[in-house]
Structure formats: C-alpha cells, structure tokens
Amino acid sequence: MQQALLGLIVVFFVGGWFLFNTLKILKQYERGVIFTLGKVSLTHGVKGPGIIILIPGIQKMVRVSLRTVTMDVPAQDVITKDNVTVKVNAVVYFRVIDPKKAIVEVEDFYYATSLISQTTLRSILG
C-alpha cells in the first residue's frame, strides 16, 4: 500500500514538472523564439502571445520584449571641428521589430545598441 502511494506521489510530481515545463504563457508585448534541438525551425520559429506548448528537453524558448526601450547613452567627450571640447549626453529609444534576428544574429542586442549609439554620437559630432 505504501509503495503504491509513493509511486502515485512520484507520478504526480513528475507530471507536474512536465506540465510546468511544457506550458509557457507569453504576454501581449512579448514574443518567444523557439529553438528545437538548438535550431530555430521554420514552423516553430517565433510564437506570439498566449499559451505556448514546448517539448521539455527538446525545445527551449527565449522571450523577447517588443516594447520601446529607453536607454541613456553615457556622456561623451567630443572634439568639434574647431577644436572645442564638448561633453554630450543622449537618449536612445529603440524597439525590436524582428525577434528572430535580435536573438539569433546578435549576441546581446541591448549592449550592441548601446555601443552603436555611442559610436554614432561621437562620429556625428566629431
């Protein structure tokens, strides 16, 4: 009797773990990039908001927010064409348009956006 109860408890916890790792819920402003055995498949590439069903151990999902992000660019010391040193601050607004490209083609798109904004700020004013 105790072995049957123990077996039932184990099945209950394994089933709960499986259900927890199978169902994911994405908010309206999120998209999920689905990797099946390490590759982004054509049929399961990007999923929209709602309930997403994943196969545990086979599929992984990376969440991407589509909301506009406000990023402060650190102050840059710039020398103008007439040799005047100026300290310039800036703010960058950006949002992800293509979640698949943001995850697959760039390692860290937040950091990359920060660096390209600093570089652009220096090259425009310098």
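## Overall picture

Accessible areas here come from the Shrake-Rupley method with a 1.4 Å probe, and for residues only the protein chains shown count as cover.

Please keep in mind that this is a predicted model: local features need pLDDT of at least 70, side-chain atom pairs count only at pLDDT 80 or more, and totals for chains, interfaces and linings use all residues. Residues are numbered from 1 along each chain as its sequence is written, and side-chain values use heavy atoms, with hydrogens and water left out.

## Fold and dimensions

You will find three helices and eight strands in the chain, in the order α-β-β-β-β-β-β-β-β-α-α along the sequence. Helices (H or I, at least four residues) and strands (E, at least two) are DSSP runs, numbered from the N terminus.

The C-alpha trace spans about 90 × 35 × 25 Å along its principal axes. The radius of gyration of the chain is 23 Å, whereas a compact globule of 126 residues would have one near 14 Å; the radius is taken over C-alpha atoms, and the globule rule is 2.2 Å times the number of residues to the power 0.38. Among contacts (heavy atoms within 4.5 Å) between residues at least 6 apart in sequence, 58% join residues at least 24 apart.

## Inside the chain

Of the 126 residues, 26% count as buried. Buried means under 20% relative accessible area, exposed over 50%, and partly exposed in between (1.4 Å probe, protein chains only). A nonpolar core is a set of buried Ala, Val, Leu, Ile, Met, Phe, Trp, Tyr and Cys residues joined through side-chain atoms within 4.5 Å. The largest one has 15 residues, of which Val-33, Val-64, Phe-94, Val-96 and Phe-109 touch the most other members. Strand 2 (30-36), strand 7 (69-79), strand 8 (85-94) and helix 3 (109-125) each give two or more residues to this core. Apart from it lies another core of five residues, including Leu-26, Ile-34, Ile-52 and Leu-54.

Leaving aside residues up to four places away in sequence, Phe-94 touches Arg-67, Thr-68, Val-69, Met-71, Phe-109, Tyr-110 and Thr-113. Ser-117 sits in helix 3 and is buried, at 13% relative accessible area. Beyond four places in sequence, Gln-59 touches Ile-34, Phe-35, Thr-36, His-44, Ile-53 and Leu-54.

## A salt bridge between strands

Side chains of opposite charge can pair when their charged atoms come close. A salt bridge is a side-chain nitrogen of Lys or Arg within 4 Å of a carboxyl oxygen of Asp or Glu, and the count by this rule is one. Arg-63 pairs with Glu-30, the closest N and O atoms being 3.1 Å apart. Arg-63 is in strand 6 and Glu-30 in strand 2, so the pair ties together parts that are 33 residues apart in sequence. Arg-63 is partly exposed, at 40% relative accessible area, while Glu-30 is buried, at 11%.

## A nonpolar patch outside

On the surface, Leu-5, Leu-8, Ile-9, Phe-12 and Phe-13 form a nonpolar patch with about 570 Å² of accessible area together. Patches are made of residues with over 30% relative accessible area and no salt bridge, with like charges joined within 9 Å and nonpolar side chains (Val, Leu, Ile, Met, Phe, Trp, Tyr) within 5 Å. Phe-13 belongs to helix 1 (residues 2-22) and is exposed, at 57%.
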